[in-house]
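Try each task before reading its solution.

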Amino acid sequence: VHPAPVTPDPALVRRLQEIVGSDALLTDPDQLLVYESDGLTQYRHRPSLVVLPRDAAELQGVIRTLADAGQPFVPRGAGTGLSGGALAVGGAVVVATTRMNRILELDPENRRARVQPGVINASLSRAAAPHGLYYAPDPSSQSACTLGGNVAENSGGPHCLKYGVTSRYITGLKVVLPDGELVELGGASRDAGELDLVGLFVGSEGCFGVAVEIEVALLPIPEAVRTLLALFDDLETSGRAVSDIIGRGLLPAALEIVDRETIRAVEASIFAAGFPEDVGAALVVEFDGVEEGLEGEVEEAREACLAAGATEVRTAAGEDERRALWQGRKKAFGAMGRIAPDLMVQDATVPRSRLPEVLASIGGIGERYGLRVANVFHAGDGNLHPNLLFDRRDADEVERVERASREIMEVCIQAGGTITGEHGVGLDKRSYMSLVCSPQVLQAMAQVKEVFDPAGLCNPGKVLPDGVVPASADAPA
Amino acid sequence: MSRVQAGLVAERTGWLLGPEAVEDGGGVGPVVARPASSEQVQAVIRVAVEEGWRIRPVGARVGLDLWPGGGRTDRIPPPPTEPHLLLATDALDGVLSYEPADLTVEVGAGTTLGALDGRLAEHGQWLPLDPPGGDRVTVGGAVAAGVAGPLHTAFGRPRDLVLGLAVIDGRGRELALGGRVVKNVAGFDLVRLTCGSRGALGMIHRVAFRLFPRPPEDRTLVWEFATMEEAGGMATKLASSPFVTPDVELHGGGPERGDVVQVGLRLVDRPPVVRRIARWARTAAGEPTREWEGADSRAAAVERAEIRAAGSPLLTLRAAPADLLRLLGSLEDAGLGPGADLCFSGGARSGALQVSGPGLAEDFVSLVPRLAGVARELNGSLRVLRGPEGWSPGAGPAEAFPPAVEALARLHGRLRRSFDPHGVLPGAWREGWR
């Protein structure tokens, strides 16, 4: 917990007020408290001020004013992030896009939509549904997270196994750069310019500016879906089943694992989905597409699960049961609040074939540090989410969590993996960056950051570790 | 470049790579060097920085390394447009690591797509990458050009298939970007920045891809029409199917097709899925004129990809898919209908049309502004990939290319210079870059 933030300059507050009005400016400490944290609650940095612009013009005015005043700022969506990426380090000003929540254009003929950044992920799919279309990336927080946040984090989700992550679906952006200038990047009807700036901006974690308009590609809703639930005595065996399914040349829409600890949390919550509580792990396998192909795939996946050692394979009987399974899976993170006051969620990706051994190692690390670990993750992508359960009032436990986290990261990297698959680096994983990036790569990232934000005002203190500086033009390699 | 200068470049490069890895160009073309390792690429780029050489990384040289932004008139193109040295990836080929269980592969940049496909087929896997140029395109070339083929609407563009890559930038730095896992957001996405950057940031020497199970069925249905309007209408109808498929292709002109315009749909999936979508397509469009299956379907796709990269001049018109008919109409109005000495290929779902052929060359200077005007009206774009002989984008036609937005130009320029401050790479000296 960091000290109380600096008080904002009254002249700056007045100038901002002239742009957005007083009801779009939060200064009351009680209100600011809401913005001190994101979904990863162990980090807290209270902003000095929160600004809530309603449209692109207001947002541009706000950024320009902050830039002119040399005031650091942090773009923020719904605050569901899991890496501390939207925290106001050093009492920065938070510029939240939640009021910019209009779908500007839904273009079913071209299967596109243009939205403001504060539009909630799930509401775009809801709006597109009458046209037989949907927005594919589906982070577990999709009922709350915003598309602007998804763009900043290049968010994933369970169905990214088949459909790919956010960057595949973002075709154009209007961005207010950190100096307040508005630029248009890409656009589906236009050839890419010299460099793929849309690809670069997606996943830049709010460090390159603020997207004020997002053009996305929509997909036709698959006509049929089949969902299987395979039960296993232990976690490693479920991991083996994942490799076997992929090895048979199947491409499920989603392949998700929940372990015993997670199942118990979910079943004890309002999201109870009917997962049996006496199993070691459950694997959710989902296929979608045209009706004709699905039965064969489902049968093959069932065989693969049984051959890998599943004790039972059930088929979701109908849409209600399927929805319940997904509700349980996607709300698992929230349900864990029932079994521990705090949790530290990790987000490493490993090659799929290494899942069983990595899962075993993580189990061992948890035991060694005397910590409860609950796993719920995108197994098909090899994207692990071990949740370390703890109580932050117990200093010793907090320290064990930190040490165990680092060890888990090291195990994943040794297996050929990376430190974050979809949650981003943010504040949380900065110190791990040098485990996966060479000094030259970090330096190159710092240069790119400097190109977009020479004054260093936009989301300072994120992504890059301290001490990484851009190379000068003449620096030897 | 003078013969003497070429001799010096060849000699200096020969010291670094061995004389057998260097061709001196015979005094008429640039020197060609074939480094066999990333260290050799690095050594050559460092010498280029010292000597002020202009370097151009090349793959199979099928012509995907094109003018980046179309022509521009907001600046005078720098006079030197010929490189001193072509840095070819031929000797940087081969599969470096292949993990069938993980559906990932890492290959040298000079590996051709055809050679890679042969290797992946042994394990029932594939890389759904079908850029213009077909099987002879190198992996490095495909990624550096970033140009997608019809498969992209089902599997993603090249940048969506790349998990990681290694590049030697214009400072001579080795940058190993991304990794070999299918989801990775560790830091800013320099992988996607490099994809499609056409050598402006560095020379790619290896690439890791995500793979897919090889579809057990590959079938192509082709319908032929007498007019652009009929063909465009049918392509649009097929593209509005409720299925995720490769793009619906449109092809016309050229010696093979004569007066007819073809609409093609390639289906790659499991047999019941292919049967179902083919049934839908037959209901929508009638009995196809031609149909290919299996290896023939793939071979036909490769052939179409080769045609897409061929021809001069070559340009791309792009608009929203719903405006495809208007785009086709504008070609016809310009006297570029079927039967004209012209070749075009398009995607009804992506809304892009590639146009080439002598018919375009005859009246290029007046046609380009007209087509650009149509594209602009539709909020689309026109890009000249290859002009007729002697034409350079800096030389106009001026009205076709509006000046670039200043802030955007600044970003591009700064990004490029942060990787290539000494100006040795193509972004620094080829036309169309800033």
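**Exercise 1. Find how many cavities of 30 Å³ or more the structure holds, then describe the lining of the largest cavity.**

*Solution.* Keep in mind that this is a predicted model.

Step 1. Start with the count: there are eight cavities of 30 Å³ or more.

Step 2. Turn to the largest cavity, which holds about 230 Å³ of space. It is lined by 18 residues, and the closest to its centre are B:Leu129, B:Asp130, B:Asp135, B:Arg298 and B:Val302.

Step 3. Sort the lining residues by class: 12 are nonpolar, five are charged and one is polar.

**Exercise 2. Work out how helix H16 (residues 439-452) of chain A and helix H15 (residues 406-419) of chain B run relative to each other, and which residues make their contact.**

*Solution.* 

Step 1. Take the geometry: the two helices pack at an angle of about 155°, and their axes are 10 Å apart.

Step 2. Compare the angle with the cut-off: angles over 145 degrees count as roughly antiparallel. H16(A) and H15(B) are therefore roughly antiparallel to each other.

Step 3. List the partners. H16(A) brings A:Ala444, A:Gln447, A:Val448, A:Val451 and A:Phe452, while H15(B) brings B:Leu411, B:Arg414, B:Leu415, B:Ser418 and B:Phe419.

Step 4. Finish with the classes: this contact has seven nonpolar residues, two polar and one charged.

Conventions:
Residues numbered from 1 in each chain as written. Chains lettered and ligands numbered in written order. Predicted model: local features only at pLDDT ≥ 70, side-chain atom pairs only at ≥ 80, totals over all residues. Heavy atoms only, no water. Axes fitted to C-alpha atoms, helices over the stretch in contact; angles between N-to-C directions. Helix = DSSP H or I, 4+ residues; strand = E, 2+ residues; numbered from the N terminus. Parallel < 35°, antiparallel > 145°, perpendicular 65-115°, else oblique. Contact = heavy atoms within 4.5 Å. Nonpolar A, V, L, I, M, F, W, Y, C, P; charged D, E, K, R; others polar. 1 Å grid on protein atoms, 1.4 Å probe; cavity = no way out; pocket = protein on both sides within 12 Å on 5 of 7 lines; lining within 4 Å. Points joined across faces, edges and corners; volume = space filled by probe spheres on them.
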